[in-house]
Amino acid sequence: MVLISNQKSTHSVAGFNYQILSRQQRAVILQYTGEIKERLRRTAQDVWEVGQKLTQVRAQLEHGQFEGWLSAEFGWSRRTAYNFINVYEAFSETTNFYQLDIATSALYKLAAPSTPKSIRHEFLAKAQQGKKITHREISQALTATKNSDLVKKPQSILPVSQKVLQIIPKAAEISTTAIEQLDISSRSEAIMTPTQIEIKSGCWYLFNENNVLFCGDTALPEFYHRSQKATLALAVTSNDWDHDWLIEKAHNLILLPESSLRNGLIEQIISLLSAEGDTIILPWLPDQEMLAIASRLNRRIVAGDPSPERCQKALSKVGFCVKELSFPKLA
């Protein structure tokens, strides 16, 4: 049995009263505590490296193939995979997790697209100073940040159900356009019809002057950080739900399975839960008419879908001219 030195024991007992244990119990538990922490550090580094590999695999596969590969090889959902991918994309290669005392659940929380960079940098700095970082501490910091907001408005989140048409308190109209907060550095001079332009994965498009569409995975920080606060987010999907950040972006969130779609439902939801001029977020476009419906109702739109084909079809239903947008790279 390897005994722990008094110096190490003093450091380890800060959060737990080891004095109530026998000397033998203390020795055993402190040893295992150290071994567990060492393995957790290795696990955090492994998470980053797995995220790196997953990102590389995803880049090699066509739309829909990544989910099939995840399920066949690992039995994972997209949400599980994006826990790893978010860690890789949120932290640089210079971050050495072997030296940090941070729980895996806390690492996932820090890397989530909805976590402000200021919180991420704050806790990473604490970890680099030798402090232990827990999921609970991060959650408390996020709660405090939200509570400090000057403007508080109610959010309404309805479960996955066809019974979504309830009267929900609607947030005040948001006057900014859908693109004012997108930090556009330049725009393509070419103005084309939806049938003329080639929709490419990873690109943003402007249509009807102040509406934008992202052709790509809307679970990525690219979409989250370039989406502004909205009155309504309408998510119609058959995929595993990995868009929790919509709770932060939208005052009202409706989550619907694709199987529940019927004629007039989308228009009814948008009409009930938003007003003319309001910004709405549409993170999936399973119905070709979704952009056309929102445009006809005079909503400002931030939309997205990973499929170039679905984006092209949705834009063709709108009928407005389209521009490809160019943005500065996210920091």
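A salt bridge is defined here as a side-chain nitrogen of Lys or Arg within 4 Å of a carboxyl oxygen of Asp or Glu. Under this criterion, Glu122 pairs with Lys126, with 3.3 Å between the closest N and O atoms. The structure is a predicted model, in which local features need pLDDT of at least 70, side-chain atom pairs count only at pLDDT 80 or more, and totals for chains, interfaces and linings use all residues. Residues are numbered from 1 along each chain as its sequence is written, and side-chain values use heavy atoms, with hydrogens and water left out.

The secondary structure of the protein chain comprises twelve helices and nine strands; helices (H or I, at least four residues) and strands (E, at least two) are DSSP runs numbered from the N terminus. Of the 331 residues, 43% count as buried, where buried means under 20% relative accessible area, exposed over 50%, and partly exposed in between (1.4 Å probe, protein chains only). Among contacts in the chain with a separation of 6 or more, 67% are accounted for by residues 24 or more positions apart; contact means heavy atoms within 4.5 Å.

Ten salt bridges are counted in total. Side chains of opposite charge can pair when their charged atoms come close. Glu122 and Lys126 both belong to helix 6 (residues 117-128), where they are four residues apart, about one turn of the helix. Glu122 has a relative accessibility of 35% and so counts as partly exposed; Lys126, at 27%, is likewise classed as partly exposed. In helix 12 (residues 308-318), Glu309 and Lys313 are also placed four residues apart, about one turn of the helix, and their side chains form a salt bridge with an N to O distance of 3.2 Å. Lys313 is partly exposed, its relative accessible area being 35%.

The salt bridge between Glu89 and Arg58 has its closest N and O atoms 3.4 Å apart. This pair links distant parts of the chain, with Glu89 in helix 4 and Arg58 in helix 2 (residues 23-60), 31 residues apart. Glu89 is partly exposed at 35% relative accessibility, whereas Arg58 is buried, with a relative accessible area of 18%. Glu89 is also touched by Thr55, which contacts Ile85, Tyr88 and Glu89 when residues up to four places away in sequence are not counted. Thr55 is found in helix 2 and is buried, with a relative accessible area of 15%. A network of salt bridges links Glu67, Arg78 and Asp217.

Helix 4 (residues 78-90) packs against helix 5 (residues 104-111) at an angle of about 65 degrees, and their axes are 8 Å apart. Axes are lines fitted to C-alpha atoms, for helices over the stretch in contact, and angles run from 0 to 180 degrees between N-to-C directions. The two helices are therefore roughly perpendicular, given that angles under 35 degrees count as roughly parallel, over 145 as roughly antiparallel, 65 to 115 as roughly perpendicular and the rest as oblique. Helix 4 passes helix 5 in a left-handed crossing, meaning that the near helix is turned anticlockwise from the far one by less than a right angle. Helix 4 contributes Asn83, Phe84, Asn86, Val87 and Ala90 to the contact, and helix 5 contributes Leu107, Tyr108 and Ala111. By class, the contact has six nonpolar, two polar and no charged residues. In this scheme Ala, Val, Leu, Ile, Met, Phe, Trp, Tyr, Cys and Pro count as nonpolar, Asp, Glu, Lys and Arg as charged, and the others, Gly among them, as polar.

Phe214 is located in strand 4 (residues 211-215) and is buried at 3% relative accessibility. With residues up to four places away in sequence not counted, Phe214 touches Gly202, Cys203, Trp204, Glu222, Phe223, Ala303, Gly304, Asp305 and Cys311. The C-alpha atoms of Phe214 and Gly304 are 4.5 Å apart in space, although the two residues are 90 residues apart in sequence.

Asn298 occupies the loop between helix 11 (290-296) and strand 8 (300-305). The phi angle of Asn298 is near 60 degrees, a positive value in a residue other than glycine, and Asn298 is partly exposed, with a relative accessible area of 43%. Thr145, in helix 7 (residues 135-147), is partly exposed at 31%. Its C-alpha atom is separated by 9.2 Å from that of Pro116, 29 residues apart along the chain.
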